[in-house]
Amino acid sequence: MSSQVYNRVALIGLGLIASSIFWASKRAGLAGHIAGSARSAETREIAREIGLCESVHDTAAEACADADLVILCVPVGAMSAVMQEIAPVLKPGCVISDVGSVKRDVIKAVTPHLPEGVHFVPAHPLAGTEHSGPRSGFAELFDNRWCLLTPEDSEAPEAQQLRAFWEGLGSNVDYMDPDHHDLVLAVTSHAPHLIAYTMVGVADDLQRVTDSEVINYSAAGFRDFTRIAASDPTMWRDVFLSNKDATLEILGRFTEELFALQRAIRRGDGDLLFDYFTRTREIRRGIIDAGQDTDAPNFGRSR
Ligand code: NAP
């Protein structure tokens, strides 16, 4: 029985997220044909070599011709230029979507270029690894992870159809207001990444004083920070520049809490520290109970 949701899909940008969409879609038979395009000849060459996409095109516009669904899988800061390039070839009734980690800024970047009769349904899969590029994707990346859709009208047929596509990729799907999305992600993802980048930077400074101790005696906490801090620099630069307000708001609160803990340590206030850590441990238990405690539920590379 076919579970095809779209006849023709185009993936623009062929990195971790696009390649995972392709393999997961193949696994479930969600699309009749998936066309792909990437900026560099090198990425297109790798895509052809590993069979990523049924057709690989030299330009985004070529890949989008006759597409029923186009998913923009490029860094947030590149969405506007890509949308401008493909707008003239989109057929009426085509749905544009994206996978950007920030929603309000992407909506601002894409909406002005939407041709008449083309709908935009923004999306953000809450799944990823620190790896990037066309070889890094795998079919299980979205299994049991959330994908948040932020359409203007969640009852519209194009939103429902995209929902069916993401459910077919293995995700749980929810709708959210774009501003609320950006605030929630600032707490759960963006600020933690900045903290990890900072912590690794601090340790790197320290390393100059203590030779290779930081690396040799890397305990689990610091190793986890280094994994997060290995995430793609272009992607994360764009995330912070485009989710500026929410990230700064959360970092302000973070700094206040940090000062409170710093004061408790200086004053020897063990009760405060114990109560605080008990509360945060409960949050961790809640995440485990919700089945959201790993980045990738099955890190096998089956495509
Ligand atoms: P990736 O593996 O680095 O792939 C990015 C792709 O975009 C590459 O094909 C790259 O082309 C292309 N690209 C980069 N800059 C471009 C530009 N200026 N114009 C046109 N194309 C450009 O990235 P990814 O992890 O798949 O991330 C893609 C999107 O998913 C981002 O918007 C990110 O916010 C979002 N996202 C990422 C994660 C995650 O954990 N990684 C999770 C959820 C959502 P070349 O290969 O030719 O350079």
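What follows is a dialogue on the terms applied to this predicted model.

Biologist: What do the residue numbers and values rest on?

Modeller: Residues are numbered from 1 along each chain as its sequence is written, and side-chain values use heavy atoms, with hydrogens and water left out. The model is predicted, so local features need pLDDT of at least 70 and side-chain atom pairs count only at pLDDT 80 or more, while totals for chains, interfaces and linings use all residues.

Biologist: Why is strand β1 called mostly covered?

Modeller: Buried means under 20% relative accessible area, exposed over 50%, and partly exposed in between, with a 1.4 Å probe and protein chains only. In β1, residues 6-12, 6 of the 7 residues are buried. Strands here are DSSP runs of E with at least two residues, helices are runs of H or I with at least four, and both are numbered from the N terminus.

Biologist: How do you know that β1 pairs with β2 and with β4?

Modeller: Two strands pair if DSSP finds at least two bridges between them. β1 and β2 (residues 31-37) are parallel and joined by 6 bridges, with Arg-8 partnered by His-33 of β2. Between β1 and β4 (residues 69-72) there are 4 bridges, also in the parallel sense, and Ile-12 has Leu-72 as its partner in β4. Both pairs therefore meet the requirement of at least two bridges.

Biologist: What makes the unit of β1, helix α1 and β2 right-handed?

Modeller: A crossover is right-handed if, with the strands pointing away from the viewer, the path from the first strand over the helix to the second runs clockwise. The β-α-β unit of β1, α1 (residues 16-28) and β2 is assigned that hand.

Biologist: Why are β3 and β6 called edges of their sheet?

Modeller: The open sheet has 6 strands in the order β3-β2-β1-β4-β5-β6, with parallel pairing. β3 (55-57) and β6 (119-121) each have a single partner strand, so one side of each is left without a neighbour in the sheet. The twist averages 25 degrees from one strand to the next; axes are lines fitted to C-alpha atoms, for helices over the stretch in contact, and angles run from 0 to 180 degrees between N-to-C directions.

Biologist: What makes α4 a helix that packs on this sheet?

Modeller: Contact means heavy atoms within 4.5 Å. Helix α4 (residues 79-86) touches β1, β4 and β5 (95-98), and its direction makes about 150 degrees with that of β4.

Biologist: How do you know that the length of α6 agrees with its residue count?

Modeller: The expected span is 1.5 Å times one less than the number of residues. For the 12 residues of α6 (residues 157-168) that should be 16 Å, and the end C-alpha atoms are 16 Å apart, which agrees.

Biologist: Why are the buried residues of α6 said to line one face?

Modeller: Those residues are Glu-158, Ala-159, Leu-162, Phe-165 and Trp-166. The arc is that of the directions from the helix axis to the C-beta atoms. Seen down the axis, the buried residues of α6 fall within an arc of 120 degrees, so they line one face of the helix.
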